[in-house]
Amino acid sequence: MTDQVYRHLRDGLMAGRFAPGQRLTIRDLAEALGSSPMPVREALRRLQAEGAFEFSGTARLSVGQLCEAQLRDVRDARVALEGLLAEHAAARMTWVDDDEVRQLYGRLQAAADAVDVTAYLWTNFAFHRRIYQIAQAPMILGAVENFWLLIGPCFVLVAPDAAHLQRSMEAHRQILDALLDRDAPAARAAVTDDIMQAANCLSRVLDKAAKERSVAAPRRRRGDIPE
C-alpha cells in the first residue's frame with residue numbers, strides 16, 4: 001500500500017496535480033487516496049527525502065518550492081537529459097510507437113483546445129514519459145523524473161494561460177514530426193524549445209507575482225516596530 005500511495009503521489013507531483021507551497025494534511029491525503037494515514041505518512045517521508053515535500057508540523061506539510069537559481073538548474077539539466085532521450089527515441093521508434101505517440105498528441109491537442117488544464121497536464125506528462133521510455137535508457141529517465149518531481153508543481157502556474165498551451169502544442173507538434181521522421185537532431189531541438197518556452201513563461205509568471213506582492217505589501221515607516 002505504501003508503494004502504491006508513493007507512486008500515486010509521485011506521479012501527481014510530476015504531472016502538476018499539486019501547486020508549489022500548497023498546504024496539505026496527512027488525513028486529507030489519506031481520505032482522498034482511500035488509505036489509512038500510515039502508508040501516506042511513509043510515502044510522504046520518502047518524497048520529503050527527495051525534496052518534494054516540506055514538513056512544517058506533526059501532520060501538516062507543504063509542496064516544495066524552488067528558488068530562481070534552482071529553477072535555472074532544473075531547466076538546464078532537463079534540456080541536456082531530455083534532449084538526449086529524444087534523440088535516442090527518434091532512433092528507436094517503431095510503427096507501434098508511432099501510433100501510441102500520435103494518440104497521446106491528439107489527446108493533448110484536445111485538452112489544449114478545451115483549456116482543460118487538468119487533462120492537459122496529465123497528458124503532457126504521459127506524452128513525454130512515453131517518448132522517453134522508447135529511448136530505452138532507464139537510468140537517464142530516472143534522473144529526468146527526479147527533476148520532474150521538483151518542477152512538476154510549477155506547471156500548474158503556467159498551464160491556465162490558453163496562449164501558452166497553444167505555443168506549447170506547436171513545440172509538441174515539432175517533437176512528433178521529428179520522431180515520425182526519425183530525425184534525432186530535430187527531436188532534441190524541439191524538446192529543448194518546449195522546455196525553454198515553459199521555463200520562460202514560468203519566469204514571467206513568478207516575476208509578475210513578486211511585483212504584485214511588492215505593491216500590495218504596506219510600506220513600513222522608519223521606526224515602526226514589526227508585530
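On a 1 Å grid over the protein atoms alone, a pocket is an open set of points with protein on both sides within 12 Å along at least five of seven lines, and its lining residues have an atom within 4 Å of a point. A volume is the space filled by probe spheres set on the points, which are joined across faces, edges and corners.

This is a predicted model, where local features need pLDDT of at least 70 and side-chain atom pairs count only at pLDDT 80 or more, while totals for chains, interfaces and linings use all residues. Numbering runs from 1 along each chain as its sequence is written, and side-chain values use heavy atoms, without hydrogens and water.

Now for the second largest pocket, which has a volume of about 190 Å³. Among its lining residues are Arg7, His8, Phe18, Leu29 and Trp122. H1 gives the largest share of that lining, five residues. Helices here are DSSP runs (H or I, at least four residues), numbered from the N terminus.

Next, how do H5 and H6 pack? Their axes are 9 Å apart, at an angle of about 160°. Axes are lines fitted to C-alpha atoms over the stretch in contact, with angles from 0 to 180 degrees between N-to-C directions. The two helices are therefore roughly antiparallel (over 145 degrees). In their contact (heavy atoms within 4.5 Å), Leu104 and Tyr105 are among the H5 residues, and Phe127 and Ile131 are among those of H6.

| Helix | Residues |
|---|---|
| H1 | 2-14 |
| H2 | 26-33 |
| H5 | 95-113 |
| H6 | 117-134 |

Definitions and conventions:
1 Å grid on protein atoms, 1.4 Å probe; cavity = no way out; pocket = protein on both sides within 12 Å on 5 of 7 lines; lining within 4 Å. Parallel < 35°, antiparallel > 145°, perpendicular 65-115°, else oblique.
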